[in-house]
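User: I am new to this structure and would like to learn how to read its features. Please take me through them one at a time.

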Amino acid sequence: MQNPEKVQNCADALIDALGGASSPHARPLVGLVLGTGLGGVADKLVDARSVSFATLPFFPPAGVNSHAGRFVSGFFHGIPVIVQQGRCHLYEGYSPFEVCLGTRSMAKLGIKALVLTNAAGALNPRYDAGALMLLADHINATGMSPLTGFNCDEWGPRFPDMSAVYDAEFQTLALDEALKNGIRLEKGVYLSTPGPQLETPAETRAFRLMGADAVGMSTVLEAIAARHMGLRILGFSICSNKNLPDCMAETSLEEIIAMAQKGGETLSRLLGGLIPRLASTLAR
Ligand code: HPA
């Protein structure tokens, strides 16, 4: 259930830990959420300050052991950026409100753009294992919403539009940046299940028929909460395994993390050129 007071308390604690409201570290322009195996992107921040989730009121720990569980605020080519390194998930028993607490706290710090990343299984048979996918859209198959219950009007409208969740201009910039760097970037639809079990062959076939290109267990609720608050969003999946109904292979967390780390290096390279370009559209 919505609790604006908890979000404000959490954002206030984060601002304090980053040096107070007048500190540039507490006034980021761009936020990033790094999923499984993607922690490396945060290492590129200059003058980085980190705040452990454990020091923030109500903040759930990052569950999967590949996640660091902290915010890192710093500068990237002079642009103030905050990175949420790790996230909690529905499958750990957390509520949609808890899953979106990081997103909403970063919005309270004043970010205007949010880059969401995750590890996913590829449903599109043309994708290779390790493929990097730009999210063109999503399907919320979690059966839940972070907007259930009372609407916080200060955050956004009761019935927020979802016709363009992932910002069209950001997508164009991402595709252009990939092309310039010789990075193959797929563009497709991400579907989120609540997890934690992976998909059966019949579920995989059904999700593909629904129009999904990749399947995972995160991102969609955060994207809904961020759109509700008016943030411009960009999303990336690293397709750590192929998830094809007629040749299902067993998948382990170790394999997913190893592939995500490999894809994460490419994604870091892409984000390096992309973040300044995203920021330049925000300054207009
Ligand atoms: N299914 C769901 N989530 C995932 C997968 C998958 O195949 N791979 C990585 N996260």
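**Reading strands, a helix and salt bridges**

Analyst: Strand β6 (residues 131-140) and strand β9 (residues 232-242) run antiparallel and are joined by four bridges. Keep in mind that this is a predicted model.

User: Which residue of β9 stands opposite Leu132?

Analyst: Leu132 stands opposite Ile238 in β9. β6 and β7 run parallel, with eight bridges between them.

User: How many residues of β6 are buried?

Analyst: Buried means under 20% relative accessible area. Seven of the ten residues of β6 are buried, so the strand is largely enclosed by the rest of the structure.

User: What does strand β3 pair with?

Analyst: β3 (residues 70-76) pairs with strand β2 (residues 46-52) in the antiparallel sense over five bridges, and there Arg49 stands opposite Ser73. β3 also pairs with strand β4 (residues 79-85), again in the antiparallel sense, over seven bridges. In that pairing Arg70 stands opposite Gln85. Six of the seven residues of β3 are buried.

User: What lies between β3 and β4?

Analyst: The two strands form a hairpin with two residues between them. His77, in the turn, has a positive phi of about 50 degrees.

User: How should I read a helix, and is helix α6 mostly buried or exposed?

Analyst: An α-helix has 3.6 residues a turn, so residues three or four places apart point the same way. In α6 (residues 220-228), eight of the nine residues are buried, so the helix is largely enclosed by the rest of the structure. The buried residues include Val220, Glu222 and His228. After α6 comes Gly230, with a positive phi near 85 degrees.

User: How many salt bridges are there, and which does Arg232 form?

Analyst: A salt bridge needs a side-chain nitrogen of Lys or Arg within 4 Å of a carboxyl oxygen of Asp or Glu. The structure holds nine salt bridges. In one of them, Arg232 meets Asp167 at 2.8 Å, N to O. This pair links distant parts of the chain, 65 residues apart. Asp167 is buried, with a relative accessible area of 15%. Arg232 also forms a salt bridge with Glu169, with the closest N and O atoms 2.9 Å apart. Here Arg232 lies in strand β9 and Glu169 in helix α4, 63 residues apart. Glu169 is partly exposed, at 32% relative accessible area.

User: Which residues are linked in a network of salt bridges?

Analyst: The network links Asp176, Glu177, Lys180 and Arg277. Asp176 lies in helix α4 and Arg277 in helix α7 (residues 253-282), so the pair ties together parts 101 residues apart in sequence.

Note on methods:
Residues numbered from 1 in each chain as written. Predicted model: local features only at pLDDT ≥ 70, side-chain atom pairs only at ≥ 80, totals over all residues. Heavy atoms only, no water. Buried < 20%, exposed > 50% of the residue type's maximum accessible area, 1.4 Å probe, protein only. Pairing = 2+ DSSP bridges.
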